[in-house]
Amino acid sequence: MEFKKREISLAVAAAMGALTLAAVIASPMATAAKAAGKYVAGDIHNHTTCSDGAISMQKLIKKSTDKTETPWGLDWFVQAGHGGNGNRNCSLVEDATLETPAYPYVVGKGPTTTWANSIGADKLKGDGGGVGGSGNMWRWQSIQEVQYQVVEHLNSLKDLPIFLGLESVVAGHEHTSMSVIAGQVPAAGDAATPLNVPGYTPLGGYVASGNATALAQWSYCFDRGDTDTSRGNIKGSSVGNNWNCAVPGSLNEGDVSWNSTAQKLIPAGGTGTGNKGHNKTVEAMKWMKAYHANGSYYIPTHLERAGPFNADGNNGFNIEHLRNFNNAAPTVAFGFETQPGHGASANRGEYQPNRNNFGGTAGLVDSVGGTTYGGTGVYGSVVGGVWDAMLGEGRNYWFLASSDWHNRGSFGPDDRRSTQDFYPGEYQRNYTMVRSSTGAKLTPQQIVDGMRTGNNFVSSGQLIDRLAFVACASYPGPGARSNATVEALALAAATNNADIDAANCATMGEKLVVRPGAEIVVTIVARDPEGANFSPYTFPNPSLKQIGLDQPLNKPVLDHIDVIRGLVTGYKTPGAADYSGEWPRNTNWLRTDGTTADLSVVPAGAKNTSASIIKTFSGAAANWTPVATADGTFLKMTYRIPAVSASQYVRLRGTNLPAAVPYETDANGNPLADLYTNAGDTTKLRIPCTTVGTVLTGDAINGCPAHLATAGVGSPIAGQKAVSYDVAAWSDLWFYSNPIYIQVNGSTQVAGVQ
Amino acid sequence: MPLSVTTPAVPQTSTALSPTKRFNFPGWMREPLFHFVVLGFLLFAVDQFIVGRADDPRTIIVSADIDNEAKQIFKAARGHEPNPDELESLRRVWLDNEVLYREGLAQQVDKGDSAIRERVIFKQLSVIDANVKLPNVSDKILRDWFEANRVKYDVPVRYDFQEAVLSGDTSEAAVRAFVAALNAGTPGDAKAGLRIFKGRPHSNLVQSYGADFTKALEASPIGEWRVLKASDGWHAMQLVSIAAAQPADYAALRGAVMQDWRDAMAAEQRSAAVRALAKKYKVKYEESRAVKAESAEQ
């Protein structure tokens, strides 16, 4: 992509800012004393009737946090939803089991009831509000006046860390999971900050002690779906928030896109939409850095789905856009959801060939990479790809995942089967180290701080639920460190669900500073939980059945763990040739037969060819050691990287699938394109599901369910039920850790992490 | 019961048939145009009567069935029957949803929604499935079908093998040096790890490594490390053992074969039924993107 001069100057300024600010990035020093913490599972991206979800906030939060009725209950939860507007009153519930004192069930007023038919159109603010208006409520109003109140109410009632986020409809791109937490859920002892805005009257029964005004303002100012010009006021008046979206140090009213009525940037559509939108989003980063540097996050989600960046539309993200965001606000734009939700949909993650119409000569464009790869987008799944390119610069850019819950597809919300989404926590689980010295209920700030550090791993299908990933320096002589000492540290951390705190050792998201010649002792301790996971399917995994393994779908076994290493060579310079680069689109990457090109066709800016698998541990090779503890069996393994001379990072991935499983993994254990299990093109389906069952509903389904797609004409298994939808997801499980950086004195500085 | 012709009880007089006594219709009533108009009117009336009895898209009937379902759901959730006010509210909810459903269909919001398309396909397939009638099966038919599909049941030759993985330099020279070391006693796990494969059939090897690599591996001496080339580069491989093919025993598998035969017959009939339905449609193929690209390159 070619940047215009102004864009380059913005990007340069952003990069300079990032470099000078490197000293204040809040990632912890490996050797600093750490507060106590635990890995806790949460979700930041899901939908309710506040936007386009199928169920109420109350039902989703119950489904996502209940540890008994829905046993996948999460430890913390961020309720999100798209920006823009919505017409359903999302404080209403489906039935009496979900009612709360402040929000009782009203017969005949379920969650599909419109705002106009419940609170009345006269309560709707902003452009199009009032009686005779559009009937929609701007999301800034529902966030500020309704959604936050319900969330804080449930936080209090359930005594769980629940707060509010947003899946922003991004100017210049598709979507991002984000939040501004300022004002939300005041901790015990903090002053209450109830909503106090002229013209505000409570629209529900709960008067919150905190507020989500900062998030509401961000939604008004920077979400592409928010075209309101009211400044957050009652329609046609100056009564209300009177927001001004100016960014300190930016052009603001001097920008051609500035709308003086709205007091925000409203870029014109048409040619250059993508570039103009991207510039607005970089302004959003600067606003967050200026006002909420440690109280916000910005995580592009399913970022490969909408294709590559489109200068004339609102599509995907190329690596230069991720760099621009991270440069502009390193403490805010610290990661991506390259493992999308929608894991049970016909096209896993809703990624598919020819998905996006770019118009003109570009025509139909695939999701980047065409499909997901073992459920993860091509940016995160290809060793040496976009994520490794970001890590190869030494950036704080972390791998995160979320459910993107909307609905169950062909099934009702209480069915265990799905042809669309999994509930938050049911399939993907994002484990974040959150520190709380008091042991009190976690606060939004503690959770966001945890996410920012990168001390986080992601696991699907409960493949693993505990992980200690440790790197320690060992020097010849008195500074020597044995495998046993590091393994003891890691085992203690894993059994306590905590991390290590030892000099000259580091864990995920941290950097270990060493002298040249140090040997790095890399130890992993993981728990593959015993018993069944949350899958409702008890029949043998059809993918593994291809290679003669008989393993129930709901009792997956970790097959192996790969240790991946890449070298760190420093930040790319904005405007330089290797700062930008679009991943090869369409059949230049994913061919119609499901095979892919290799990194040789990927632009230099979007890859890190030094990244490779340096060690594989597996039960078959007997190079990990099972350790029985009172808390289950843990797998312990160690690899020593000999005398290091260059800065580098190590990261992990693991799976239930051995190498060379047809249509799932290649000979080197890499995930293949999910084209072969995506029901969107039944001619490509390849893995038969043949187990005949007697129980085909409920939570112990013992045969291939009826909703699986039938392979179409052209497939070698045409006419047979094939692995697809939720069965495809449960068959193919992966975990990904975030990296540990190793900075070698005299070599490249790992500038993104302190 | 056989049909019979009975004679009218009342005697007919000859005058009844007398042309001179017939009613004299006006001449215009004998015009073909008049007959055409009358016939048309009658057809219109009959059509209106029939259509009027069918669903009027602007009429919503809240039937007793809907009331009963609403009562059951309410009772299941609340433990008692709804009172009249609550029932009225339930009807209102149903009605609101029905209005939304009809308006949605009218506005064609179902178009382009893959979830709805899949659901409709699924339901129509269920309709077709309901009409599938399997032919009678004898042991001979089943055995013949088993023999024709024996490849599905025979256990193929299976190979146990392993790969000693290098990281970094994986050039031919590096792999050859590593293989020499392996054959001299270096453990397979000495470098990036040892991948162990058990019981993999020929087809799996071809799919994952390619035909030439497979041929070379299958021909390798058991227990000896070899340098083999696949499409992605050089590998250090060792063939560990070969398990001979085992022909399937029909008698032992008869139950599974019966189920597979049923599935295959049902699939055949299902496909035939869909093909028959497809004959109602005129199918036109537009030039695909791939074809266009190829044309452009040429």
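Trainee: How do α4(A) and α5(A) run relative to each other, roughly parallel or roughly antiparallel?

Mentor: This is a predicted model, and in it helix α4 (residues 213–222) of chain A packs against helix α5 (residues 273–292) of chain A at an angle of about 160 degrees. Angles over 145 degrees count as roughly antiparallel, so α4(A) and α5(A) are roughly antiparallel to each other. Their axes are 11 Å apart, and α4(A) passes α5(A) in a right-handed crossing.

Trainee: Which residues make the contact?

Mentor: From α4(A) come A214(A), C221(A) and F222(A). From α5(A) come K280(A), T281(A), A284(A), W287(A) and H292(A). By class, the contact of α4(A) with α5(A) has five nonpolar, two polar and one charged residues.

Trainee: And at what angle do α3 of chain A and α4(A) pack?

Mentor: Helix α3 (residues 139–158) of chain A packs with α4(A) at an angle of about 175 degrees, and the axes are 8 Å apart. The helices α3(A) and α4(A) are therefore roughly antiparallel to each other. On the side of α3(A), the contact is made by R139(A), W140(A), I143(A) and Q144(A). On the side of α4(A), the residues are T213(A), L215(A), A216(A), S219(A) and Y220(A). In the contact of α3(A) with α4(A), five residues are nonpolar, three are polar and one is charged.

Trainee: New topic: what is the phi of Y663(A)?

Mentor: Y663(A) has a positive phi of about 70 degrees, although this residue is not a glycine. Most residues other than glycine have a negative phi. Y663(A) lies in the loop between β25 (648–655) and α12 (725–731) of chain A.

Trainee: Is Y663(A) buried or exposed?

Mentor: Y663(A) is buried, because 20 other C-beta atoms lie within 10 Å, and a residue is buried if there are 20 or more.

Trainee: What about Y725(A), where does that one lie?

Mentor: Y725(A) lies in helix α12 of chain A. Its phi is near 50 degrees, a positive value in a residue other than glycine. Y725(A) counts as buried because it has 27 C-beta neighbours inside 10 Å.

Trainee: How many residues does the largest nonpolar core have?

Mentor: The largest nonpolar core has 218 residues. Those with the most contacts inside it are M285(A), Y298(A), V470(A), A471(A), I740(A) and I742(A). As a general rule, nonpolar side chains tend to be buried together in soluble globular proteins.

Trainee: What is I740(A) in contact with, leaving aside its neighbours within four places in sequence?

Mentor: With those neighbours left aside, the contacts of I740(A) include F469(A), A471(A), A506(A), T507(A) and M508(A). Also among them are E510(A), L512(A), Y649(A) and V650(A).

Trainee: Could we look at M433(A)? Where is its place in chain A?

Mentor: M433(A) is in strand β15 (residues 428–435) of chain A. With 24 other C-beta atoms within 10 Å, M433(A) is buried. Leaving aside neighbours within four places in sequence, M433(A) is in contact with G37(A), Y39(A), G450(A), T453(A), N455(A), N456(A) and D499(A).

Trainee: Let us turn to the other chain. How many helices and strands does chain B have?

Mentor: The secondary structure of chain B comes to 10 helices and four strands. Of the 298 residues in chain B, buried residues make up 13%. Among contacts in chain B between residues at least 6 apart in sequence, 67% join residues at least 24 apart.

Trainee: Finally, how do α2(B) and α3(B) pack?

Mentor: They pack at an angle of about 115 degrees, with their axes 10 Å apart. That makes α2(B) roughly perpendicular to α3(B). The crossing in which α2(B) passes α3(B) is right-handed. I66(B), D67(B), A70(B) and F74(B) in α2(B) meet E86(B), L87(B), L90(B), R91(B) and W94(B) in α3(B). The residues of this contact divide into six nonpolar, no polar and three charged.

Conventions:
Residues numbered from 1 in each chain as written. Chains lettered and ligands numbered in written order. Predicted model: local features only at pLDDT ≥ 70, side-chain atom pairs only at ≥ 80, totals over all residues. Axes fitted to C-alpha atoms, helices over the stretch in contact; angles between N-to-C directions. Helix = DSSP H or I, 4+ residues; strand = E, 2+ residues; numbered from the N terminus. Parallel < 35°, antiparallel > 145°, perpendicular 65-115°, else oblique. Left-handed = near helix turned anticlockwise from the far one by under 90°. Contact = placed C-beta atoms within 7 Å. Nonpolar A, V, L, I, M, F, W, Y, C, P; charged D, E, K, R; others polar. Buried ≥ 20, exposed ≤ 12 C-beta atoms within 10 Å, placed from the backbone. Core = buried A, V, L, I, M, F, W, Y, C linked by C-beta atoms within 7 Å.
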